[in-house]
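Here are a few notes on the model, written as numbered points. Please read them alongside the coordinates.

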Amino acid sequence: MTTILRVFSELLRAFALLMAAGLSLLALAAQGGRFSDRLDVLTHFTPIWLGGLISAAALWAITGRQGRTTPVLALIGGLSALTLMIPEWSAASARTGGKVDGETLKIVQFNLWGLNRDPGATARWILATDPDIIVIEEGFDRSRVVLKALKARYPHRSTCAEPSPCSTMILAKRRPVAEGGLSGVVSSAELSGAWATFADSRGPFTVVGVHYTWPWPAGPQQQQTLRLAKVIEGFPKDRLIVSGDFNSTPWSFSLRRQDRLFGLQRRTRAIASWPAGDFTRLHFEMPVPLLPIDHVYAGSDWRTVDVRRGPMLGSDHYPVVITLAPAA
């Protein structure tokens with residue numbers, strides 16, 4: 001039995017070393033996202049690299065702490081991962097709230113998922129939350145049930161330009177004074193989105209809803225950012241709101257460049273929204289979301305009163321709820 005335990009311990013130490021070496025290499029390569037969109041794909045998985053490196057160090061510790069290569073590699077890779085994530089965590093500590101004078105605007109950002117597991121519960125939660133505006137992605141297949149349930153309270157629907165079919169839309173209680181779609185091919189990816197301009201006591205404001213492609217293969221998502229940046233230049237930015245499933249995490253260099261390019265403040269900070277529940281064909285359910293990929297931007301005339309993640313419903317995304325008020 002002693003021999004078996006010794007062999008098993010050696011195998012665990014070897015596994016920890018290989019894990020630390022491989023994940024450290026990935027975490028360091030992710031830093032290349034500063035100049036390479038292909039390497040930037042690695043940044044999106046930074047929490048996984050960090051968690052794996054911590055696990056490798058833990059395995060090294062419980063198997064006798066022999067050698068120094070494993071902890072050194074884990075430390076190097078962990079520091080690389082932390083440098084990518086700390087700026088977002090720091091920004092998340094910024095204060096919200098404060099006294100609200102006058103009207104507020106509540107928005108729900110939600111990728112409903114075409115394979116929505118419980119559209120009835122999804123619709124009931126949205127109605128109970130009672131937002132003023134809902135920005136929806138993947139409003140097709142099973143999630144059409146949600147749209148039908150919301151129609152009475154949210155009769156106004158702005159979606160992509162015809163003739164391209166679109167599952168991205170903006171639902172509102174009030175009628176927009178103007179609206180339009182963003183359909184069109186960008187590189188090899190279509191920019192799925194819509195915009196709607198509304199009026200309140202302070203004047204007009206515009207909401208833009210979008211759904212980006214995945215970050216891999218590299219290139220199309222970055223092209224979508226460039227095109228959307230040009231689109232929003234046509235609206236007054238002080239009262240502009242941009243919301244969507246960007247399929248991009250805040251520790252990626254692509255999203256950092258987008259933040260600067262938009263000239264708006266991203267109000268969703270370190271709010272993980274994916275995955276939710278059973279999201280694979282293997283029926284593997286994640287206990288917690290890992291990646292913040294649903295984001296809301298707003299101009300300088302808006303103040304963030306509250307921003308939070310909603311509950312796990314029938315989608316593979318969690319909803320994001322944000323309440324804005326006029327800036328002082």
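1. Arginine 256 lies over the face of phenylalanine 253, 5.0 Å from the ring centre. Likewise, the charged end of arginine 309 sits over the ring of tyrosine 318, at 5.4 Å from its centre. A charge counts as over a ring if NZ of Lys or CZ of Arg is within 6 Å of the ring centre and within 35 degrees of the ring normal.

2. A word on the basis: this is a predicted model, where local features need pLDDT of at least 70 and side-chain atom pairs count only at pLDDT 80 or more, while totals for chains, interfaces and linings use all residues. Residues are numbered from 1 along each chain as its sequence is written, and side-chain values use heavy atoms, leaving out hydrogens and water.

3. The whole structure holds 10 aromatic pairs (rings of Phe, Tyr and Trp, the last by its six-membered ring, with centres within 6.5 Å; planes under 30 degrees apart are stacked, over 60 edge-to-face, the rest tilted). Phenylalanine 45 and tryptophan 49 make a tilted one, 5.9 Å centre to centre with 50 degrees between the planes.

4. Phenylalanine 45 also pairs with tryptophan 216: the centres are 5.8 Å apart and the planes at 35 degrees, so this pair is tilted. It links distant parts of the chain, 171 residues apart: phenylalanine 45 is in the loop between helix H2 (37-40) and helix H3 (46-62), tryptophan 216 in the loop between strand S9 (203-211) and H7 (helices, H or I of at least four residues, and strands, E of at least two, are DSSP runs numbered from the N terminus).

5. Ring pairs join Phe45, Trp49, Trp214 and Trp216 into a cluster. Tryptophan 49 is buried at 12% relative accessibility (buried is under 20% relative accessible area, exposed over 50%, partly exposed in between, with a 1.4 Å probe and protein chains only).
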